[in-house]
Amino acid sequence: MSPSPSLPDELSSGALSARAAECARDLRRTAASYPELFDTGEFADTPGQIANMMVYGTPRHGTGMLRSPSQLALWIFPLDAAIDRDATQRSQVRAIVEECKDVIAGADPHTPLTRLLADIRDDLAHAPAFGHLGPVWRTELAAMLDAMAREWDWKTAARQTAAVPTLKEYLGNAANFGSTVVGVSRLISTDEPEATREHLPAIIDAANATQRVMRLVNDLRTFKRDRQWADLNARMLGLDEHALLELIADERKACDLELDRLAQSCPGVAEDLRQQMMTTWGFYFNGSDFWTV
């Protein structure tokens, strides 16, 4: 779907703005339905920011098709807060991860966090593409959960012993950013015809490449907040700002090669991934943050 099939180019940005507003209203309704997760000032701007990122980041899709991916992107924030900030014991982290994995496998939810996850799971399950992409979605969501738990371990160890992961280990854990699983949700909800079993490995490789870039761009913007929250950041692993910018440039070059290869067989998916990466890049490089702090 093009951004505005019935409008001239000079009006298409207005059409996207209308879509973003519709998406934001839907996300605010979701947040209001789960006050245990979102009734806090730190998420006040998050629905609108996610809506803009989703709509402008993948302009060929309508808001209905972007609903489940947007809901999942919103859900990741209280999940991140529960693991990264609120959990003080490894057993708490383990419980959150196991409960979420049970729900994506089909179990009934028992907490507000898993109830919203179950709603997203059930919405996606109605899409025809869930038949062959559902297992991929579960795999990528489990990878995100494991990556969040791994970073909790690293962060806890760093506070106790000053030991930190290597940069290679840190970047290899970029699944905690969550963009790949959100991208798989988009493939499902849009019933993307390019997402065939034959093409899935290349799609996931390219999605992970964009995820690594976005992880680093996020770190560049959030270094001050991460220090305040005793969180991990690439800048804390021996990189100054200049070195981080160089690493981002290197990862971007590698990512562009992945996307160019993918575009030969899946041009629509490749364009979605590239546009989402660049929209995220612009969001962070212009000083924005999803957390209201």
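A: Helix 10 provides the largest share of the lining of the largest cavity, eight residues. Helices here are DSSP runs of H or I with at least four residues, numbered from the N terminus. This is a predicted model, in which local features need pLDDT of at least 70 and side-chain atom pairs count only at pLDDT 80 or more, while totals for chains, interfaces and linings use all residues. Residues are numbered from 1 along each chain as its sequence is written, and side-chain values use heavy atoms, with hydrogens and water left out.

A cavity is a set of points, on a 1 Å grid over the protein atoms alone, where a 1.4 Å probe fits but cannot get out; lining residues have an atom within 4 Å of a point. Grid points are joined across faces, edges and corners, and a volume is the space filled by probe spheres set on the points.

The structure has two cavities of 30 Å³ or more. The largest holds about 740 Å³ of space. It is lined by 39 residues, and Ile76, Phe77, Phe177, Tyr284 and Phe290 are the closest to its centre. Helices supplying at least two lining residues each include helix 3 (46-57), helix 4 (67-86) and helix 10 (200-228). The lining comprises 18 nonpolar, 10 polar and 11 charged residues. Here Ala, Val, Leu, Ile, Met, Phe, Trp, Tyr, Cys and Pro count as nonpolar, Asp, Glu, Lys and Arg as charged, and the others, Gly among them, as polar.

The second largest cavity holds about 70 Å³. Helix 9 gives the most to its lining, five residues.

Methods: On a 1 Å grid over the protein atoms alone, a cavity is a set of points where a 1.4 Å probe fits but cannot get out, and a pocket is an open set with protein on both sides within 12 Å along at least five of seven lines; lining residues have an atom within 4 Å of a point.
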